[in-house]
Amino acid sequence: MAGAFLLPATNILASENTGAVVQWGISAAENEQLGIRALQETRYQIALQYFQKAYEIDPSMGSAAYGAAASASRLKQTDLAFTWLQNAYRVKYFNIRQLKNNKDFDVLHQDPRWDKLMTQFETASKKEAEFWNGSAWKTPYKESLTEDERVAGLSRVWSEIKYNFVFVEKLQDINWDGLYLQYLPKIRAAKTNLEYYQLLSEMVALLQDGHTNVYPSQQEYDKYQTKPLIYIELMEGKVMVKWVGDSELQQAGLKRGHEIVSVNGMPVQEYSEKVLAPYISSGTRQDKDVRIYQYQFLQGPISEKIAFSARDENGVVKHYSAKRVSNEERSNAIGGSSYTFKMLEGGIAHVWMTTFESTKVTEFFLEDFPEISKAKALILDVRRNGGGNAHVGYDILKTLGMDVFPASKATIRNYRSIDRSQHNSNPEYTYPVYKVTPDANHQFKGPVVVLTSGQTFSAAEDFVVAFRNMKRGLIIGGATAGSTGSPISFNLPGGGSGRVCVKNDTFPDGTEFVGKGIVPDIKVAQTVADFRNRVDTILNAAISSLNQQLK
């Protein structure tokens, strides 16, 4: 699950005058955002002035130099554009893909300086990438890692988290250095790669953060982290079978609506807490429940069957044995769409979005907008949305009103080694609040609700934060996962990997939701009785709420 990335800052405190005169923002970030807006609105001269001002305030701001280059290029001031690109290069703004794909620079492509500059950027970018996550760490898969490789992997996990994890107080409270020393002999003694990664996962799980994780190699994952063709969900404290794709289990009588009561002879809750929970990184109970019951339940080696017992609607308990299948087979069998639109009875539009990974979701939504705009009310359903790119969600919200609205407020570590030599401090930097500009060409005026659950994660939570900030409608369902942020990913020996959360998001007023979840305006949970009758409890609550508003 990809985390939300750091937004380009800011809370625009200064109002902008029209014409050629500008009124500066207070900070470099504010001027940069005013420049971004002017650039988007094709007011290139104004944009150039704002980006230049941002760079004047903070000469390390490579993104401002980049923006100034784009503005100058649009103005066909070629020499000035190359000067600003050189400034971006000097402060190590090495986003090669962005440089090559940005239409703002099309006018520069025929200039002989362009290819030479791109070569410089590519060389420097590769060198920078090699330094931070180099080939020394990206070694081929091995069935058995050496002791040195295991210790090196532990050391990398420890160091990346110590110097990048945004929640420093957690590191201090659990004595992160002490944990390294505590796990070192265990790592050395690990007999298998499976045991090794379980130890790493157990250590990282102590941080209780959904965006800080350790992952085994793909080979280990395909060998040891497989599941049967069953989909499970927790409802009212009961472990309910939602889907059965295994023909043998179907023939044996297992059905949707049966309740799993034991696994491998252990009561289901004991199995979940002892076998699965210790290795799960999560900051809230609702997130952990999703990971246990929807993502990892019945997980284990593909070579082994799993035994469990299930109770039917009449209270009869029956024992089953299920084979595990490859992750690819299971994924293909479950399937699912990232976006679905349906017009419900009463003229209520229901838009279901399970990811914000791709801009395709926004494209689908805008394609359907002519029909959606005719609806009396709108339901935006992100109950199973694992996140992705926050801007995909914001592009949906832009259609709900003409007022500029704030998103999250982001804080990062601002580690500077000189501070340790002088003050032994660990400063932070809080970005001004990012604000989103409406889509003037697409506007839905009717009542809106957003549906959430513990599976609403990462960029989907950024979406929910922004929706609440808009004061555009109610949030209905369950508390969100309580985990968002921009993770840094890194390689581990033998094909493994890890990631660490480097950004802490809050509501604009500082209200925390990471580690807590965003609490809905109306709390509703799926009931077992409704589930067995194929009734969506939460969706019905949303429809009822909207019908009340439409009266």
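Residues are numbered from 1 along each chain as its sequence is written, and side-chain values use heavy atoms, with hydrogens and water left out. Because the model is predicted, local features need pLDDT of at least 70 and side-chain atom pairs count only at pLDDT 80 or more, while totals for chains, interfaces and linings use all residues.

## Aromatic rings

A pair of aromatic rings is described by the distance of the centres and the angle of the planes. Rings of Phe, Tyr and Trp (its six-membered ring) pair if their centres lie within 6.5 Å; planes under 30 degrees apart count as stacked, over 60 as edge-to-face and the rest as tilted. The structure holds 22 such aromatic pairs. One of them joins Phe 94 and Phe 121, edge-to-face, with 6.2 Å between the centres and 85° between the planes. Phe 94 lies in the loop between α4 (78-90) and α5 (96-101), and Phe 121 in helix α6 (residues 112-133), so this pair ties together parts that are 27 residues apart in sequence. Helices (H or I, at least four residues) and strands (E, at least two) are DSSP runs, numbered from the N terminus.

Are Phe 94 and Phe 121 buried or exposed? Both Phe 94 and Phe 121 are buried, where buried means under 20% relative accessible area, exposed over 50%, and partly exposed in between (1.4 Å probe, protein chains only). Another pair is made by Phe 131 and Trp 132: the ring centres are 4.9 Å apart and the planes stand at 85°, so this pair is edge-to-face. Phe 131 counts as exposed, at 64% relative accessibility, and Trp 132 is exposed at 54%. Tyr 66, Tyr 93, Phe 105 and Trp 114 form one aromatic cluster.

Two lysines lie over rings, as the table shows. A charge sits over a ring if NZ of Lys or CZ of Arg is within 6 Å of the ring centre and within 35 degrees of the ring normal.

| Lysine | Ring | Distance from ring centre |
|---|---|---|
| Lys 170 | Phe 167 | 5.3 Å |
| Lys 186 | Tyr 183 | 4.6 Å |

## Strands and sheets

Two strands pair if DSSP finds at least two bridges between them. Strand β8 (residues 339-344) and strand β9 (residues 348-353) run antiparallel and are joined by 6 bridges. Thr 340 stands opposite Trp 352 in β9. The hairpin of β8 and β9 has 3 residues between the strands, and Gly 346 takes a positive phi near 90° there.

An open sheet of 3 strands has the order β1-β18-β17, with antiparallel pairing. Its edge strands are β1 (213-215) and β17 (487-492), each pairing on one side only. From one strand to the next, the twist averages 15°. Axes are lines fitted to C-alpha atoms, for helices over the stretch in contact, and angles run from 0 to 180 degrees between N-to-C directions. Between β1 and strand β18 (residues 496-501) there are 3 bridges, and Tyr 215 stands opposite Ser 497 in β18. Helix α7 (residues 147-164) lies across β1, β17 and β18, running at about 165° to β17.

## Loop residues

Most residues other than glycine have a negative phi, and most peptide bonds are trans. Glu 236 has a positive phi near 50°; this residue is in the loop between β2 (230-235) and β3 (238-244) and is exposed, with a relative accessible area of 53%. Ser 458 also has a positive phi, near 60°. Ser 458 lies in the loop between β15 (448-452) and α19 (459-470), and is buried at 0% relative accessible area.

Gln 299 is found in the loop between α14 (285-296) and β6 (306-311), and is buried at 18%. Which residues does Gln 299 touch, not counting residues up to four places away in sequence? They are Tyr 224, Gln 225, Thr 226, Lys 227, Tyr 271 and Arg 324, where contact means heavy atoms within 4.5 Å.

## Nonpolar cores

A nonpolar core is a set of buried Ala, Val, Leu, Ile, Met, Phe, Trp, Tyr and Cys residues joined through side-chain atoms within 4.5 Å. The largest has 67 residues, of which Met 353, Leu 380, Leu 397 and Phe 463 touch the most other members. Helix α19 gives the most to this core, with 8 residues. Not counting residues up to four places away in sequence, the contacts of Leu 380 include Val 351, Met 353, Phe 365, Leu 397 and Phe 463. A second, separate core of 37 residues includes Tyr 44, Ala 68, Leu 99 and Phe 105.
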